[in-house]
Amino acid sequence: MSPRPTGVEVGTQLPEQVSRVTRADLVRYAGASGDFNVIHWNERVAREVGLPGVIAHGMLTAGLAVRAVTSWAGDPGAVVDYQVRFSRPVVVPDDTDGAEVTVRGRVAALLDDGRVRVDLTVTSGGEKVLSLARAVVALS
Amino acid sequence: MALDAGLVGRSYPPSAVYEVGREKIAEFATALGDPDPIHRDPEAARAAGHPDVIAPPTFAIVLSLGAGNVVVEDPDVGIDYSRVVHGEQRFTHHRPIRAGDRLVATASIAAVRSVAGNDMLTTRVDLATEDGEPVCTTTSMLVARGAA
């Protein structure tokens, strides 16, 4: 178990997290989650429905983003509420590097019962992919 | 086609029991590139105060995806799934989901809205143990883009 963060106040920054998402990661996530929507693995179909290419599952992006919170909090069970709004797809090219997803977080509010609200900024290629990503974390 | 506001509050029969397995939790954590032993090693989980390995915060999507399908497939809802994108998602955890949980999912329609020709359908799924202990509430908002 990782240590719980101490000295947390409004404005406390979480360590920045940079991940890469490849087509192989999309296949793995499809299997693990049971979301086999074709737009996450088939370029032809993705383009036919007007997408620029194969896109990541929104919930894969959301799941990666909340890792920044759980690794900071020291216990994934401390995340009592997590909400996201999807604003822009993460397009995953068919190459070895895939797409980059960067997560920054800061403590936005101290709540009662030792809980804090963490607001995340999640970007890919410099563009926000979640217009809202917010976790409530029980720190004690 | 606009969604019927009278659908709000409609609730669906509970799902069959889903038994949460250690391997499924580990598989899901691996798919997120999450190395935390709390998702794989029962000893590490117990050291953190949990009875068994716990799931990542978004694991409930595995159950709520399936449970939410009864709403999307409801002929009265009549949503065109080929035009659907995921707009919003929320998880409220009453406690962490853990290996050994035997969970039942109950879906209901929380809200319907039409904005600029797009239909927005908000589905709530309540996950509870088969004994009735509340575990997690998920809320999913799907957007069906209007035909151009």
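## Burial and confidence

A residue counts as buried if 20 or more other C-beta atoms lie within 10 Å of its own, with C-beta atoms placed from the backbone. On that basis, 36% of the 148 residues of chain B are buried. In chain A, buried residues make up 40% of 140 residues.

The model is predicted. The predictor gives the complex an ipTM of 0.96 and a pTM of 0.95. Chain B averages a pLDDT of 93. In chain B, 97% of the residues score at least 70.

## Layout of the two chains

Chain A contains 3 helices and 6 strands. Their order along the sequence is β-α-α-α-β-β-β-β-β. The C-alpha trace of chain A spans about 50 × 25 × 25 Å along its principal axes. Take the contacts in chain A between residues at least 6 apart in sequence: 65% of them join residues at least 24 apart.

Chain B has 3 helices and 5 strands. Its pattern reads β-α-α-α-β-β-β-β. Along the principal axes, the C-alpha trace of chain B covers about 55 × 35 × 20 Å. Of the contacts in chain B with a separation of 6 or more, 72% are between residues 24 or more positions apart.

## The nonpolar core

In soluble globular proteins, nonpolar side chains tend to be buried together. Here the largest nonpolar core holds 73 residues. A65(A), V69(A), F28(B) and A60(B) touch the most other members. Helix α3 of chain A, residues 58–73, gives the largest share of this core, with 10 residues.

F28(B) has contacts in both chains.

## The α3 helices

α3(A) has 16 residues, and 15 of them are buried. From first C-alpha to last, α3(A) reaches 23 Å. That is close to the 22 Å expected at 1.5 Å a residue. G74(A) follows α3(A), and its phi is positive, near 90 degrees.

α3(B) has 12 residues, which should span 16 Å at 1.5 Å a residue. The end C-alpha atoms of α3(B) are 15 Å apart, in agreement with that value. Buried residues in α3(B) include I61(B), V62(B), L63(B) and S64(B). A67(B), G68(B) and V71(B) are buried in this helix as well.

## Where the chains meet

The contact takes 27 residues from chain A and 29 from chain B. On chain B, α1 (22–31), α2 (42–47), α3 (61–72) and β2 (84–93) each supply at least two residues to the side that touches chain A. The largest share of that side, 8 residues, comes from β2(B). By class, the side of chain B that touches chain A has 15 nonpolar, 9 polar and 5 charged residues.

β2(B) also pairs across the two chains. Its partner is strand β2 of chain A, residues 79–86. The pairing is antiparallel, over 5 bridges. In one of these bridges, Y82(A) is partnered by F91(B).

## Around A30(A)

A30(A) sits in helix α1 of chain A, residues 23–33. Is A30(A) buried, exposed or partly exposed? A30(A) has 18 other C-beta atoms within 10 Å, so it is partly exposed. The cut-offs are 20 or more for buried and 12 or fewer for exposed.

Setting aside neighbours within four places in sequence, A30(A) is in contact with D35(A), F36(A), H40(A) and W41(A). H40(A) is 10 residues from A30(A) in sequence. In space, the two are 8.0 Å apart, C-alpha to C-alpha.

## Two loop residues with positive phi

Most residues other than glycine have a negative phi. D113(A) has a positive phi, near 60 degrees. D113(A) is in the loop between β3 (99–110) and β4 (115–124) of chain A. D113(A) counts as exposed because 8 other C-beta atoms lie within 10 Å.

In chain B, the phi of A116(B) is positive too, near 50 degrees. A116(B) lies in the loop between β3 (102–115) and β4 (118–129) of chain B. A116(B) has 6 C-beta neighbours inside 10 Å, so it counts as exposed.

Definitions and conventions
Residues are numbered from 1 along each chain as its sequence is written. Chains are lettered from A and ligands numbered from 1 in the order in which they are written. This is a predicted model: local features need pLDDT of at least 70, side-chain atom pairs count only at pLDDT 80 or more; totals for chains, interfaces and linings use all residues. pLDDT is the predictor's confidence in each residue, from 0 to 100. A nonpolar core is a set of buried Ala, Val, Leu, Ile, Met, Phe, Trp, Tyr and Cys residues joined through C-beta atoms within 7 Å. Helices (H or I, at least four residues) and strands (E, at least two) are DSSP runs, numbered from the N terminus. Two residues are in contact if their C-beta atoms, placed from the backbone, lie within 7 Å. The expected span of a helix is 1.5 Å times one less than its number of residues. Ala, Val, Leu, Ile, Met, Phe, Trp, Tyr, Cys and Pro count as nonpolar, Asp, Glu, Lys and Arg as charged, and the others, Gly among them, as polar. Two strands pair if DSSP finds at least two bridges between them.
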